[in-house]
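Visitor: Before we look, I would like to hear how each description is reached, with the value set beside its cut-off.
Guide: Then let us take the descriptions one at a time.

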Amino acid sequence: MHHPRLRKAKSNDLIAAFLMVSPAIVFTLAMIIFPIGYALFLSLTKWVPGSSVTQFVGLSNFRRMLGDHVFWLSFRVTMILFIACLLLETIIGIYLGILLSKDLPGQKVLQAVILIPSIIASVAIGMMWIQILDPTLGFANYLLSIGGLKPLAWLANPGTVLQSLIIIDVWQWSPFMALIITGGMRTLPSEPFEAALIDGANKWQIFRFVTLPLLRPVIMVAILLRSVDLVRFFDTVYIMTQGGPNNASMTLNVYSYLQGFNYMDMSYGSAIMLFLLLLVILISLVITKLRRRMS
Amino acid sequence: MNNTKRTISLVSTITIMVLLMALVSGCGQVTQASLNGGKTNKQSETITVLAEKHPWTTAIQPYIPEFEKQTGIKVNLMILSEQQQRDKSLMTLQAKSPDIDVFMSLKSLEGLAYEKAGFYEDLDKYIRDAKLTPADYKVNDFMKGPFDGERIEGKLVGIPIIVEGPVVFYRKDLFAQYNIPIPKTLNDLVRAAQTVEQKSKGRIYGVALRGLAPAVSYTFGTFFHNMGLEWFDSNGNLNFNKPGAVKAIDTYCTLAAKYGPPGAVNNNFYQSSSLFAQGKVAMEIDASNELASITDPNNSKVIGKIGVFPIPAGPGGNHPTVLQWGISMSAYSQHKDAAWEFIRWATSPDMQLKLALKGIASPRSSTWENTQFKASLRDATKKEWAKTLEFIMKNGNPEVGPPAIKEAAVRQVIGNNIDKVMLGSETPQQAADAIQQGVTEVIKQ
């Protein structure tokens, strides 16, 4: 009781502090913890439309998952799309990003134009590419025919559907990677570059031994952001192929949605979603570890 | 003292958090209350109608203010795309929420699952009550096929609003040029498609039909039924182990893979109608509703050259798939009488005639006999279209796919295996076996 005023101030501070963080806590509880908890609950029960009776079934949804060949197929498709898109988007993103950071004439216009694909809603992009890739009416096959090449079935062939999806995703998201990298380029100090020039380094050497190492933290952030999105590959696939033909483009996210909503099996859908969540966490952990080790 | 204060601050923090949560979750109701708050009249009720973005919705929307004026019931029309509308209705009804009063529902897809779940209000009692349903509603005017399609396990769960079915749209000019008679049998249909490809030297494809797995059953069903097969035999076993099933798959896939456009395996109505409207195919097998898009002056190059006939008969006769959309009442609605008033108004003989004049195929026979409606079928295409639809309604089979609670999963199995045949990775026999096994497994789940 020696410093009543001080103590009073302290406890008022405490209330104020709680008040200030409480929206964040409420938000986290309502939007993150609760849905994950509920998904976990659903995955351990048998969900019956119209019934509010809970019937626990233990791990049987997860057991079913392990024996479901479409699940494993969609896991494979998800990983192929993830690795191929991430690799291409990173390489093209770095190249474009460095190009955009140079003060070229028309640079501002170019930057605005190449960002368009990342801004348009994915549903619209899906509809647009359905038309471009239509085997009979599409622009893509028209281009091939001008070049004297044979037309392709693109999305309608299990052998080419993934390549088509990769092309679309790279077209859509490389500019986004480029934007982050351009931002990074602009913050780099000019001294190391000048020093390298004085030391007689050529362009490749400057890129390899100066630009890339300095950009590494930015690139890792871009990769991390993109990876999480890529593992959850959904909208364009859902619009264009619904996982077809014959499950050749089924991603985990699409499969889970189909199971949950179209086949009205929320429990199994939730189990797949939890697996996807685990996958996302694992991948971001690996990338974060890599990032720490590099810096 | 110190501890007490800490406790007090903790308690107040928790209280505030709880209040905040209540605020967040209560937001919806707050807005609704303030919306209704404007009117003090106790009789004014608001009902929510959940509709799909569908030609029927577009056609009826302008008349809704009339209904509001007549009855004093406010209609909150919520329009979503098909799958989103289905997701929304499933989630709302699963939560036993009174947020939806009337909703569009496709009985051939979710009907059995929703009925088992208890989502549908029984409409028989409203129809039978003379106070709720005056005689001028003319229940017996509804055609048997679509009206029975709204009955599940004996219970009336909806009222039909529009009828459709898969038909064959064809190019009259090409048929005349290549001297092709209108196909009378499924074999004729294959021959017609073949002739087009041969005589046009591959410039024009024979026929566009559905390949996208979840959508195949709708057009494939007629091929299956025309082999003389129902989806299930009298013991409730699936009929895909019969020779007719193999023949149906073979015919369908021959059309798609040999005489269809490349990539038919991914096509739905959207792609097929684009191909037909652009003059790239001589026939299109798809929903009768597609007439609107293939005669759209902005996109179509073939207006005035289009004819329509039913999918031809097979060895087992002709049993076209007929599909009706209906509106249903939620069992959890708190404005059931007002909801029924809306349903009755929207499906009255008068309104269905008005909608028919805007191109919505009516499930009431009086509409089709109406002179005003007949006069509206001016051009030859429209006349053939109407004749074909009447044929479908009289002979139709309302089961788009084998009825099951997991209907969509069943149709996916059928679609996937038909696609494998189109892609050449399975024979029709293997596909029939795989469907027999796969669908039986889904039904057991």
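Visitor: Which residues of H9(B) meet which residues of H11(B)?
Guide: In this predicted model, B:Leu186, B:Val190, B:Ala193, B:Gln194 and B:Glu197 of H9(B) meet B:Thr251, B:Thr254, B:Leu255 and B:Tyr259 of H11(B). Sorted by class, that contact has five nonpolar, three polar and one charged residues.

Visitor: Why are H9(B) and H11(B) called roughly parallel to each other?
Guide: The two helices pack at an angle of about 5°, with their axes 10 Å apart. Angles under 35 degrees count as roughly parallel, and therefore H9(B) and H11(B) are described as roughly parallel to each other.

Visitor: Why does A:Asn157 count as partly exposed?
Guide: A:Asn157 has 19 C-beta neighbours inside 10 Å, whereas a buried residue needs 20 or more and an exposed one has 12 or fewer, so A:Asn157 counts as partly exposed. A:Asn157 lies in the loop between helix H6 (139-146) and helix H7 (161-187) of chain A. From A:Asn157 to A:Ala248 there are 91 residues in sequence and 8.6 Å in space, taken from C-alpha to C-alpha.

Visitor: How many residues does each chain bring to the contact between A and B, and which element of chain A gives the most?
Guide: Chain A brings 31 residues and chain B brings 38 residues. On the side of chain A that touches chain B, helix H1 (4-43) and helix H11 (252-262) are the elements that give two or more residues, and H1(A) gives the most, with 10 residues. By class, that side of chain A divides into 20 nonpolar, 10 polar and one charged.

Visitor: What confidence does the predictor attach to chain B and to the model?
Guide: Chain B has a mean pLDDT of 89, and 90% of its residues reach 70 or more. Over residues 23-42 of chain B, however, pLDDT stays under 50, and the model has four contacts beyond four places in sequence for that stretch. The model scores ipTM 0.82 and pTM 0.84.

Note on methods:
Residues are numbered from 1 along each chain as its sequence is written. Chains are lettered from A and ligands numbered from 1 in the order in which they are written. This is a predicted model: local features need pLDDT of at least 70, side-chain atom pairs count only at pLDDT 80 or more; totals for chains, interfaces and linings use all residues. Two residues are in contact if their C-beta atoms, placed from the backbone, lie within 7 Å. Helices (H or I, at least four residues) and strands (E, at least two) are DSSP runs, numbered from the N terminus. Ala, Val, Leu, Ile, Met, Phe, Trp, Tyr, Cys and Pro count as nonpolar, Asp, Glu, Lys and Arg as charged, and the others, Gly among them, as polar. pLDDT is the predictor's confidence in each residue, from 0 to 100. Axes are lines fitted to C-alpha atoms, for helices over the stretch in contact, and angles run from 0 to 180 degrees between N-to-C directions. Angles under 35 degrees count as roughly parallel, over 145 as roughly antiparallel, 65 to 115 as roughly perpendicular and the rest as oblique.
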